[in-house]
Amino acid sequence: MFTGTDDFTTLLGAVTLLLLTYLWCFRRDPKLPPSPCRPLPFVGHLLLLQKDPRPQFKQWREQCGDLFSVYIGGTMIVVLNGYQLLKETLVQRPDDFSDRPKLFLDEETGIGGLGVVMASGQKWKEQKKVTLQILRNFGLGKNILAEKIQEEISFFADLLASFNGQPVDIKDVTNVSMANIVCSIIFGQRFEYSDARLQRLISGYMATLSDQQSNGVINFIPMLKYIPFDVFKAKRGAKNLQTLLGFLREFVVLKGKTEFNEHNIGNFIAAYTAEMNELKGKNEATNMSEDNLTKIVLDLFIGGSFSMSHTLSWCILYAINFPEYQKKAYEEIHDTVGLDRVPCFKDRPKLAYVTAFIMETQRLSSTVPFALPHTCPRDVYVRGYKIPKGTYIYPNLSSVLHDPNIWGQDVLTFNPQRFLDEDGKLRTREEFVPFSMGRRMCLGEALANMQLFLYLATLLQKFQFLPVDAASPPSMEDVFGFSASPMPYEVRIVERS
Ligand code: HEM
């Protein structure tokens with residue numbers, strides 16, 4: 001029989017043992033980047049992390065410095081903050097900071113690590129180079145890209161006109177139009193907005209992005225995927241992504257085999273297939289394959305749809321909230337291009353205010369605040385701290401785009417003027433990094449710039465964007481998820497006479 005004193009001693013011993021085990025397991029290597037506080041066993045800082053970590057990361061940067069670490073489960077994540085540090089790492093040491101970590105959902109596709117977005121090393125370099133080359137070729141000479149974009153904009157403008165100034169949720173329609181642009185580039189065809197195939201693609205990618213918010217934690221605590229009832233949407237996420245990939249693969253077969261013609265390579269799938277056939281015909285070493293192509297098609301579809309749709313929605317939201325800036329942009333278009341023809345990409349150098357309006361939208365909205373996760377292929381040292389091989393590294397782009405030391409104390413105010421000099425000429429700044437920095441920078445930057453310019457210039461030329469209730473324009477707060485999107489809002493789109 002134990003006495004009360006024995007019970008107490010046993011309990012005290014057990015607690016001490018647990019405490020020592022915890023301190024042993026979670027002892028800090030002083031060389032690792034500092035953390036805001038000691039992580040808890042099994043969960044790390046998970047319970048501390050807010051749904052929107054941006055304000056928290058700002059505070060932790062002040063507490064720990066530009067480089068800090070957070071733990072989810074036992075997995076360390078390093079957050080890189082500030083322009084100088086991002087330059088020191090992503091730009092000046094590309095071999096150390098350009099790989100991607102493995103992500104659970106990508107592995108579930110069965111073709112994980114292929115394509116561009118999730119690939120690393122030599123395979124990634126080749127696929128990115130080929131993809132960029134094809135897009136560049138489309139942008140040269142006859143400029144297939146500009147033609148496709150302008151064709152889509154004219155359908156989009158007809159749709160907006162059909163609303164007759166009635167309130168409409170702009171996000172629903174921008175989404176469809178942006179996805180259609182990607183379709184015309186990769187498949188060589190656009191769809192009617194009501195076409196079931198387009199709707200299927202859009203619902204597929206939206207489901208994938210929304211699932212990622214629930215199952216992202218599995219990347220750091222893998223055993224969570226075995227929790228019953230699919231609490232973390234692991235199975236659902238994998239199934240949705242498989243469905244989307246299967247559908248895209250049908251197009252790869254259609255455009256790359258069934259309808260393939262070496263002399264008509266005006267769509268991405270055909271151009272990639274022609275290049276692959278040529279290299280294989282010459283027996284040259286290449287990683288080009290149908291699986292890589294399918295994955296790139298997925299990358300372009302997701303990469304080219306959500307960020308573009310969010311950015312255009314932000315542009316229109318700011319236009320509603322700042323009618324004086326909308327007017328200024330319209331007047332510039334009116335005085336430079338006139339009203340008898342639609343703006344073309346060659347007009348861009350003359351439309352400095354419109355361009356500054358888009359840049360300020362991208363800076364303030366910072367739609368992809370943490371870029372995509374990077375990793376290092378070996379242990380590396382930064383500012384005296386060790387980042388072990390395979391660590392998840394998040395470049396905090398918002399910390400640059402919202403840095404008052406770069407942009408001034410009014411950093412959170414929308415003001416296109418900050419991208420113009422005294423003579424009204426465009427002022428580009430190297431700290432403008434919505435597309436990230438270094439080798440992993442967005443592959444679609446040039447396309448995005450052309451697309452955003454053509455959309456905004458054409459839409460402002462044709463329409464006035466007005467709030468539904470002039471006394472209370474829609475909120476400029478964002479919704480933080482995989483990206484930062486505007487809260488749903490309605491707008492009245494009135495044709496200019
Ligand atoms: C306003 C629009 C866009 C923004 C703000 C944006 C932003 C980004 C960012 C921040 C990254 C991550 C870079 C990193 O990991 O450091 C990225 C990667 C990527 N983006 Fe974009 N993007 C946009 C439009 C597009 C478009 C139109 C496409 C293609 C049609 C595209 C395709 C990609 C691809 C394939 C990658 C992966 C690049 C790599 O891993 O090497 N993006 N983008």
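**Entry 1: Asp96 and its partners**

I began with Arg93, which forms a salt bridge with Asp96; the closest N and O atoms are 3.1 Å apart. I note that this is a predicted model. Arg93 is partly exposed, with a relative accessible area of 26%. Asp96 counts as buried, because its relative accessibility is 14% and the cut-off for buried is under 20%.

I then looked up the salt bridge between the side chains of Asp96 and Arg378, where the N to O distance is 2.3 Å. This pair links distant parts of the chain: Asp96 sits in helix α4 (residues 94-97), and Arg378 sits in the loop between α14 (352-365) and β4 (380-382), 282 residues apart. For Arg378 I noted a relative accessible area of 41%, so this residue is partly exposed.

**Entry 2: Glu290 and Lys257**

Next I turned to Glu290, which forms a salt bridge with Lys257 at 2.6 Å between the closest N and O atoms. Here too the pair links distant parts of the chain, with Glu290 in helix α12 (residues 290-321) and Lys257 in helix α10 (residues 234-258), 33 residues apart. Glu290 is partly exposed at 28% relative accessible area, whereas Lys257 is exposed at 52%.

I also found a network in which salt bridges that share partners join Arg61, Asp66, Glu88 and Arg383. I recorded 25 salt bridges in the structure.

**Entry 3: Lys128**

Leaving out residues up to four places away in sequence, I listed its contacts as Val116, Arg439, Arg440, Met441 and Leu443.

**Entry 4: the whole chain**

I counted 17 helices and 10 strands in the protein chain. Along its principal axes the C-alpha trace spans about 95 × 60 × 45 Å.

I noted that 53% of the 497 residues are buried. Of the contacts with a separation of 6 or more, 72% involve residues 24 or more positions apart. The chain exposes about 23300 Å², with 56% of that area supplied by carbon and sulfur atoms. Last, I looked up the charges: 54 are positive and 54 negative, and their mean positions are 4 Å apart.

Methods: Residues are numbered from 1 along each chain as its sequence is written. This is a predicted model: local features need pLDDT of at least 70, side-chain atom pairs count only at pLDDT 80 or more; totals for chains, interfaces and linings use all residues. Side-chain values use heavy atoms; hydrogens and water are left out. Helices (H or I, at least four residues) and strands (E, at least two) are DSSP runs, numbered from the N terminus. Buried means under 20% relative accessible area, exposed over 50%, partly exposed in between (1.4 Å probe, protein chains only). Contact means heavy atoms within 4.5 Å. Accessible areas come from the Shrake-Rupley method with a 1.4 Å probe; for residues, only the protein chains shown count as cover. Lys and Arg count as positive and Asp and Glu as negative; His and the chain ends are not counted. The place of a charge is taken as NZ of Lys, CZ of Arg, CG of Asp or CD of Glu. A salt bridge is a side-chain nitrogen of Lys or Arg within 4 Å of a carboxyl oxygen of Asp or Glu.
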